[in-house]
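This report describes selected features of one protein structure. The sequence and the model are shown first.

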Amino acid sequence: MPELPEVEGVVRSLGPAAAGRTVRDAVISETIVRSKAESKEAILKNISPEEFVFRMRGMQVLRVTRRSKYIYFHLEKNGESFLLVSHLGMSGAWFAVGSLDEVTEGKFRRHIHVIFEMEDGGLLVYADIRRFGELRLIGEESDHPPLLAMAPEPFDEEAEGHFLELSASRKYRDKPIKETIMDGHVISGCGNIYATEALFRMGIHPARKTGRISMERRAKLFRSIVEILREAVEAGGSSISDYRNINGQAGSMQDRLRMYGKKHCPDCGSETKRRTIGGRTSVYCPKCQH
Ligand SMILES: [Zn+2]
């Protein structure tokens with residue numbers, strides 16, 4: 001699943017490609033239309049395909065930004081502002097192309113679900129192999145309250161204090177630390193890959209109870225997460241599973257991961273262990289992480 005660095009990679013390439021352009025028309029895949037007809041909410045949330053197409057016609061993209069793991073398209077039509085919020089789910093990808101043939105990777109081309117035909121003739125295309133992604137057209141963030149409940153951006157000054165306060169609260173102190181740091185209310189944008197790496201760097205066992213880690217060590221762990229996220233942003237993210245930026249490129253952070261997906265500990269050579277924590281598989285070194 002794309003985490004903050006991968007979404008940042010998409011936004012950095014999508015922003016310049018989309019800003020200033022206007023949507024002439026939109027095309028929604030048969031799969032989505034059928035799913036909506038069966039009252040399932042595949043990708044398009046809280047809106048019918050017909051209404052989505054109608055509302056997107058004539059929208060100008062002002063800019064594209066990232067908030068946690070979400071992509072925000074800031075839009076304007078007839079002087080009114082809108083927000084198209086995109087979450088990539090497990091395998092969503094955006095492409096800015098002249099024609100659909102330019103989406104060269106078959107697995108994405110076979111799963112194109114939304115096409116924005118731009119006034120200049122180009123296309124903005126959303127493909128999603130497993131359809132866990134989301135597209136939500138709203139007026140502003142407060143129209144979808146979960147967006148307001150997200151932790152501050154990890155690079156913002158108040159993020160560390162927010163983390164220290166929440167991780168000491170009744171709700172989190174008995175939870176495994178890995179589950180706490182992957183919770184978007186506590187830290188924005190940190191998923192399985194970067195949580196695994198930060199805990200290994202800090203020598204902390206992923207199942208350790210949050211409240212059993214001293215405040216000082218929790219502060220260090222937070223800084224370690226921020227450092228890893230920053231490194232990963234610089235490396236263009238990790239090309240694990242189906243992450244691509246809009247040019248179809250993946251990042252190189254996977255070459256620098258030391259624990260995620262590893263069979264042996266790079267420090268002591270021990271066989272790593274796997275355990276399910278908070279519904280996700282956690283890899284750790286039984287000797288180096290306590
Ligand atoms: Zn080890």
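## Helix 8 and its surroundings

In this predicted model, the buried residues of helix 8 pack against helix 1, helix 7 (177-181), helix 9 (215-234) and strand 11 (280-284). Helix 8 itself spans residues 192-202 and is mostly covered, with 10 of its 11 residues buried. Among these buried residues are Asn192, Tyr194, Glu197, Leu199, Phe200 and Met202. Gly203 follows helix 8 and has a positive phi, near 70°.

In soluble globular proteins, nonpolar side chains tend to be buried together. The largest nonpolar core here has 34 residues, of which Leu14, Phe52, Ile71, Trp94 and Phe116 touch the most other members. Helix 1 (residues 4-18) supplies the largest share of this core, namely 5 residues. A second, separate core contains 31 residues, including Ala159, Ile181, Leu221 and Ala235.

Leaving aside residues up to four places away in sequence, Phe116 has contacts that include Val23, Phe52, Met56, Leu84, Trp94 and Leu124.

## The zinc site

The zinc ion has four protein donors, the SG atoms of Cys265, Cys268, Cys285 and Cys288, at 2.2 to 2.4 Å. In sequence, these donor residues follow the spacing C-x2-C-x16-C-x2-C. The angles among the 4 donor atoms are 102 to 115°, and the site is tetrahedral. For four tetrahedral donors, the ideal angle at a metal is 109.5 degrees.

Are Cys265 and Cys268 buried or partly exposed? Cys265 is buried because its relative accessible area is 4%, under the 20% limit. Cys268 has a relative accessible area of 36% and is therefore partly exposed.

Note on methods:
Residues numbered from 1 in each chain as written. Predicted model: local features only at pLDDT ≥ 70, side-chain atom pairs only at ≥ 80, totals over all residues. Heavy atoms only, no water. Donors = N, O, S within 2.8 Å, 3.2 Å for Na, K, Ca; no water. Tetrahedral: all angles 85-135°; square planar, octahedral: opposite > 155°, others 65-115°. Buried < 20%, exposed > 50% of the residue type's maximum accessible area, 1.4 Å probe, protein only. Core = buried A, V, L, I, M, F, W, Y, C linked by side-chain atoms within 4.5 Å. Helix = DSSP H or I, 4+ residues; strand = E, 2+ residues; numbered from the N terminus. Contact = heavy atoms within 4.5 Å.
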